[in-house]
Amino acid sequence: MPTIPADSEPAEITSTAGSLRGFLHGLPGVDQVGAEERAARLATRSIKKSAKAEAIDLAISMVDLTTLEGADTPGKVRALCAKG
């Protein structure tokens with residue numbers, strides 16, 4: 001599968017599933033140490049209150065709190081919400 005240079009135009013990269021796959025295949029992997037270093041750097045940055053609120057809202061909207069059961073008790077729902 002041919003790789004697409006990282007400096008390609010976004011439309012070229014995403015024009016087909018194959019071209020996107022080729023682009024992603026060409027990206028370097030993420031290692032544990034690198035991810036932890038990046039997280040540590042981000043933890044020291046100041047984030048505006050409005051941006052933080054938007055990020056929290058986005059994270060909450062992505063949490064799936066469904067159990068896919070019709071016989072949920074109030075206690076089971078509370079436990080699921082606490083877990084979320």
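Modeller: Let us begin with a definition: buried means under 20% relative accessible area, exposed over 50%, and partly exposed in between, with a 1.4 Å probe and protein chains only. This is a predicted model, in which local features need pLDDT of at least 70 and side-chain atom pairs count only at pLDDT 80 or more, while totals for chains, interfaces and linings use all residues. Residues are numbered from 1 along each chain as its sequence is written, and side-chain values use heavy atoms, with hydrogens and water left out.

Colleague: Why is Asp72 called partly exposed?

Modeller: Asp72 has a relative accessible area of 28%.

Colleague: What makes the contact of Lys76 with Asp72 a salt bridge?

Modeller: A salt bridge requires a side-chain nitrogen of Lys or Arg within 4 Å of a carboxyl oxygen of Asp or Glu. The closest N and O atoms of Lys76 and Asp72 are 3.9 Å apart, so the pair qualifies. Lys76 is partly exposed, at 35% relative accessibility. A search of the whole structure finds one salt bridge. In general, side chains of opposite charge can pair when their charged atoms come close.

Colleague: How many helices and strands does the protein chain have?

Modeller: The protein chain has five helices and zero strands. Helices (H or I, at least four residues) and strands (E, at least two) are DSSP runs, numbered from the N terminus.

Colleague: How do you know that the buried residues of α2 line one face of the helix?

Modeller: The buried residues of α2 are Ser19, Gly22 and Phe23. Seen down the axis of α2, they fall within an arc of 100 degrees, so they line one face; the arc is that of the directions from the helix axis to the C-beta atoms. The face turned away from the buried side of α2 carries the exposed residues Ala17 and His25.

Colleague: Why does Leu20 count as partly exposed?

Modeller: Leu20, found in helix α2 (residues 17-26), has 32% relative accessibility and therefore counts as partly exposed. Leu20, Leu24 and Leu27 form a nonpolar patch on the surface.

Colleague: Where is confidence lowest in the protein chain, and where is it highest?

Modeller: Confidence, given as pLDDT from 0 to 100 for each residue, is lowest in helix α1 (residues 10-13), at a mean of 66, and highest in helix α4 (residues 49-62), at 87.

Note on methods:
Patch = residues over 30% accessible without salt bridge, like charges linked within 9 Å, V, L, I, M, F, W, Y side chains within 5 Å. Areas by Shrake-Rupley, 256 points an atom, 1.4 Å probe, with all protein chains shown as cover. pLDDT = per-residue confidence, 0-100.
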